Amino acid sequence: MKYEGLKKFCISEGIEIRLDEAMSRHTSLKIGGPADIAIFPDEAQAAEIVRILLHTGIPYIVVGNGTNVLVKDSGLEGVVIFTKKMNNIKKKDSGDRIQEAERVNIIAQAGCSLLKTLNLCVKNGLSGMEGLADIPGSIGGAIVSNAGSFGYEIGTVVETVNLLVDGRIKTLLGSAIGFGYRRSKIPPDSIILSAVISLKKNDPFDVRSRINKFADKKKSCQPLSLHSAGCVFKNPEGMPAGKIIEETGCKGLKAGGIEVSNLHANFFINDGGGTADAFLRLMGIVCKRVEERTGIILEPEIEIIGRN
Ligand SMILES: Cc1cc2nc3c(=O)[nH]c(=O)nc-3n(C[C@H](O)[C@H](O)[C@H](O)COP(=O)(O)OP(=O)(O)OC[C@H]3O[C@@H](n4cnc5c(N)ncnc54)[C@H](O)[C@@H]3O)c2cc1C
């Protein structure tokens with residue numbers, strides 16, 4: 001009953017809506033119970049939806065490519081707003097030809113993948129994001145956690161972010177977003193709609209070769225083709241979490257269908273039969289062993305979401 005008004009609105013506006021949608025279909029881990037309601041709006045529709053949700057008090061969460069989340073087996077209460085249909089990206093004309101000889105801005109919607117963004121960078125010879133090669137997330141998800149690799153972080157190239165806060169569209173300057181190691185100060189409950197990203201002009205061939213170099217490096221040390229959510233834990237000061245987990249003998253540890261990867265110990269792999277419960281159990285086992293043997297308390301990098 002509580003979702004009736006929302007359902008009617010979505011149907012009347014032609015917005016895709018699904019009931020009891022298995023989140024395992026939308027996460028790279030292939031894990032996650034059902035969301036009461038899944039909605040797939042475009043940018044303008046997202047603002048309308050959020051206003052309705054705020055008005056009716058229905059809880060909601062936004063999901064991009066689902067590559068940094070562990071959704072509990074009990075699923076999600078309320079609405080999941082997916083950004084998949086907000087996936088446009090283009091060069092932004094500044095009107096200043098002299099400036100454009102050096103720097104170019106692109107505008108990317110939140111659901112645009114990093115892969116698509118990097119393809120545009122190669123096509124137009126734009127440098128600044130090459131280290132994000134092979135990170136399977138969306139622009140929105142990457143900004144929230146300040147995704148990065150090989151010394152690159154998305155926060156360093158974000159000029160502005162357009163987001164919905166309390167149902168209103170706001171623009172934040174990149175410098176006001178408080179980017180840090182795998183974090184930002186994007187207000188909780190807000191939804192990133194799009195971002196302007198400022199990149200340096202560079203030879204397309206050089207951009208492509210750097211991307212290829214980073215992608216090859218990643219492939220050689222991370223199990224990219226298996227079901228994971230990337231690094232499970234943040235790196236503590238001075239030492240990669242993967243190395244600590246490996247040195248405490250956790251590689252190959254298993255719980256249910258989840259295993260600590262033998263290639264990269266900070267990746268936990270779902271063999272296809274894993275559950276969120278098993279994943280959380282394995283996180284607990286690894287944390288306990290690491291703390292007992294080193295005194296280090298590991299902090300999750302992944303977002304754990306779902307009904308209590
Ligand atoms: C194989 C693999 C390799 C990876 N390698 C790396 C790596 O090298 N470096 C790295 O940093 N990460 C890595 N990751 C993790 C992940 O890909 C990144 O964190 C990515 O940026 C997450 O984007 P997403 O769209 O999948 O976010 P999601 O998983 O969909 O969401 C993550 C969080 O962001 C929020 N969110 C998503 N979109 C929005 C939005 N539009 N507005 C507001 N909030 C939003 C969600 O609510 C959630 O809290 C890897 C993951 C995998 C599976």
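Is Cys 121 buried or exposed? In this predicted model, Cys 121 is buried, with a relative accessible area of 1%.

**Cysteines**
- The whole structure contains 0 disulfides.
- For Cys 121, the closest cysteine sulfur is that of Cys 112, at 9.8 Å, which is too far for a bond; a disulfide would require the two sulfur atoms to lie within 2.5 Å.
- Cys 10 is likewise classed as buried, because its relative accessibility is 0%, below the 20% limit.

**Packing of α4 against α6**
- Two packed helices are described by the distance between their axes and by the angle between them.
- For α4 (residues 114–124) and α6 (residues 204–221), the axes come within 7 Å and cross at roughly 145°.
- On the α4 side, the contact involves Leu 118, Asn 119, Cys 121 and Val 122.
- These residues meet Pro 204, Val 207, Arg 208 and Ile 211 of α6.
- By class, the α4–α6 contact comprises 6 nonpolar residues, 1 polar residue and 1 charged residue.

**Nonpolar cores**
- In soluble globular proteins, nonpolar side chains tend to be buried together.
- The largest nonpolar core in this model has 37 residues.
- The residues with the most contacts inside that core are Leu 114, Met 129, Ile 139, Ile 143, Ile 154, Val 161 and Leu 199.
- At least two residues of this core come from each of β7 (103–109), α4, α5 (139–144), β11 (158–165), β13 (191–201) and α6.
- Helix α4 makes the largest contribution to this core, with 5 residues.
- Beyond its neighbours within four places in sequence, Leu 114 is in contact with Met 129, Leu 132, Ile 135, Gly 137, Ser 138, Ile 139, Ala 142 and Ile 154.
- A second, separate core has 24 residues, among them Ala 229, Phe 268, Ala 276 and Leu 298.

- Thr 248 is located in the loop that runs between α7 (241–247) and β14 (254–255).
- Although it belongs to a loop, Thr 248 is buried, with a relative accessible area of 4%.
- A polar atom of the Thr 248 side chain lies 3.0 Å from the backbone oxygen of Ile 245.
- When neighbours within four places in sequence are set aside, the contacts of Thr 248 are Arg 289, Val 290, Arg 293 and Thr 294.

Note on methods. Residues are numbered from 1 along each chain as its sequence is written. This is a predicted model: local features need pLDDT of at least 70, side-chain atom pairs count only at pLDDT 80 or more; totals for chains, interfaces and linings use all residues. Side-chain values use heavy atoms; hydrogens and water are left out. Helices (H or I, at least four residues) and strands (E, at least two) are DSSP runs, numbered from the N terminus. Buried means under 20% relative accessible area, exposed over 50%, partly exposed in between (1.4 Å probe, protein chains only). A polar contact is a pair of N or O atoms within 3.5 Å; within protein, one must be able to donate a hydrogen and the other to accept it, and residues adjacent in sequence count only if both atoms are side-chain atoms. Contact means heavy atoms within 4.5 Å. Axes are lines fitted to C-alpha atoms, for helices over the stretch in contact, and angles run from 0 to 180 degrees between N-to-C directions. Ala, Val, Leu, Ile, Met, Phe, Trp, Tyr, Cys and Pro count as nonpolar, Asp, Glu, Lys and Arg as charged, and the others, Gly among them, as polar. A nonpolar core is a set of buried Ala, Val, Leu, Ile, Met, Phe, Trp, Tyr and Cys residues joined through side-chain atoms within 4.5 Å.
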